[in-house]
Amino acid sequence: MQVSVSAPLDIGGTQDRFYARASSVRLPMIVRASGIRMWDEAGNAYLDASGGPMVSCLGHCHPRLVAAMARQAATLDYAFSLVARNPRNLELAGRLAGLAGPGFERVAFTSGGSEAMERALQFARQHAVATGAASRRAIIVLEPSYHGGTIATSAIGGDQSGSAFHDGFAVTAHAVPAPMPYRPSLGPSAADHELECARRLEARIRELGPERVLAFVMEPVGGVSRGANVPSPGYMRAVREICSRHGVLLVFDEIVTGTGRTGPFFAMEHWPDARPDLVVLAKGLGAGHAPIGALLAPAAMVDRLADASGFELAFSYNANPIACAVALAVLDEIEAGELLQAGRVRGAELEAGLRALQERSPLVGDVRGIGLYWAVEIVADRASKAMLPADARPTEALRNHALANGLMVYARPTSGGRYGHWVTIAPPLNATEAECREILDRLERSLAAYERVLRADGLIR
Ligand SMILES: Cc1ncc(COP(=O)(O)O)c(C=O)c1O
């Protein structure tokens, strides 16, 4: 009898079936997590040093968040915002508006960062149309920058590697240089470079015609596309003045930096004289336990738009009671544990440790960041700041060495590697001193292992 053996059907698979085959990064199958640690199916433990992409701000499976989720799921799972109100929505909007302070009295919730950014663009545009400024439609962003993964938000992001996809397909933005003080491309010094970056913003507004410019969107502290670079107060002040002078809305993408990542609850608190007009946040707000994002806007704008056309675009899951309950528990935990203060202390220790590591590792060209949000830029040569070749996929290689040393760090090749290569270190706000030390030890071992490979391959001397 002939037995036919058919090959197993190749169906399903995890998300990475969609990722580039060329990617060399190993993705462990994680089956369990607690606090800062994750375990794969073979029982290997990893320290989650960047909370995924700066999401898990209180560690994994946090008891307070788990309990809030379970309680809310058992009481009221869902109430669609176009047909009903829910108390968690009311409570969370009030708490966030209180934290943000004057100018941010209204809050709209989404299911994540990209949606929140998209909502901000829609809101800004609809407000302009409703208030007799319909010619304002141009968006200006920084290059490099990242503002989300939907068609609209990826099209405005300052990363030219997607330009063939967006060309003729989506509305793109006008890019102006981002302050990148480690490699100042404009001006002889970092300070000149930053002021020139601000001047370029104003020049671009004038070139487009101020009456045609709707908004300038920026991450107040560079996200993954820039590696946690922190602009100077002078740059931020200049940006605010330029936007005000030309009636351009200043939009802060605080999707990464909100929820205490940089020290205060919002990064905007670092520059009190450069307050934005609109703010979006996400990531840490749900702390990895529930998907949620938020747009914060002034009552004057929201109420005026409500009087005119209204702003009724809704996602089925916006202001979801379970997601709002988790976010409220995040705020409670931050308050109860005085975690903003704790995060600042931990951040200072982490900075000292990373700077010491930079002294010891020839691969570390730059360490930059603020609060508990740090990037480690790796280079071929520290003195000249020469980059490692992009086709050697340096961040992927370092991520693999980190995994081999029980450490998970986040990095994504951005802008085709044109601006350099870095990995992100962003432990939870409640990380202990010992956990941060362990991150530093494991990172140092990973860098040393990668350095040996690079030397053997003749990529560094
Ligand atoms: C600065 C910034 N904006 C927007 C987003 C998009 O957020 P989400 O992935 O939650 O849609 C991200 C995500 O990495 C981000 O880093």
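In this predicted model, three strands line up as an open sheet in the order β11-β12-β14, with antiparallel pairing. The two strands at the edges are β11 (364–370) and β14 (421–425); each has just a single partner strand, so one side of each is left without a neighbour in the sheet. Going from one strand to the next, the twist averages 20°. Strand β12 (residues 373–378) and β14 run antiparallel and are joined by five bridges. In one of these pairings, W374 has I425 in β14 as its bridge partner.

Two helices pack on this sheet. Helix α11 (residues 339–360) touches β11, β12 and β14, and its direction makes about 170° with that of β11. Helix α12 (residues 394–404) touches β12 and β14, with its direction at about 40° to that of β14.

There is also an open sheet of four strands, and here the order is β1-β2-β3-β13 and the pairing is mixed. Its edges are taken by β1 (30–34) and β13 (407–408), each with a single partner strand, so each has one side left without a neighbour in the sheet. Strand β3 (residues 45–48) runs parallel to β13, and two bridges join them. Across this pair, D48 stands opposite M408 in β13.

Then there is the ligand. It is surrounded by 17 residues, and the closest are G112, G113, S114, G223 and I255. Helix α4 (residues 113–130) supplies the largest share of this shell, with three residues. Sorted by class, the shell holds seven nonpolar, seven polar and three charged residues.

How values were computed: Residues numbered from 1 in each chain as written. Predicted model: local features only at pLDDT ≥ 70, side-chain atom pairs only at ≥ 80, totals over all residues. Near = placed C-beta within 6 Å. Nonpolar A, V, L, I, M, F, W, Y, C, P; charged D, E, K, R; others polar. Pairing = 2+ DSSP bridges. Axes fitted to C-alpha atoms, helices over the stretch in contact; angles between N-to-C directions. Contact = placed C-beta atoms within 7 Å.
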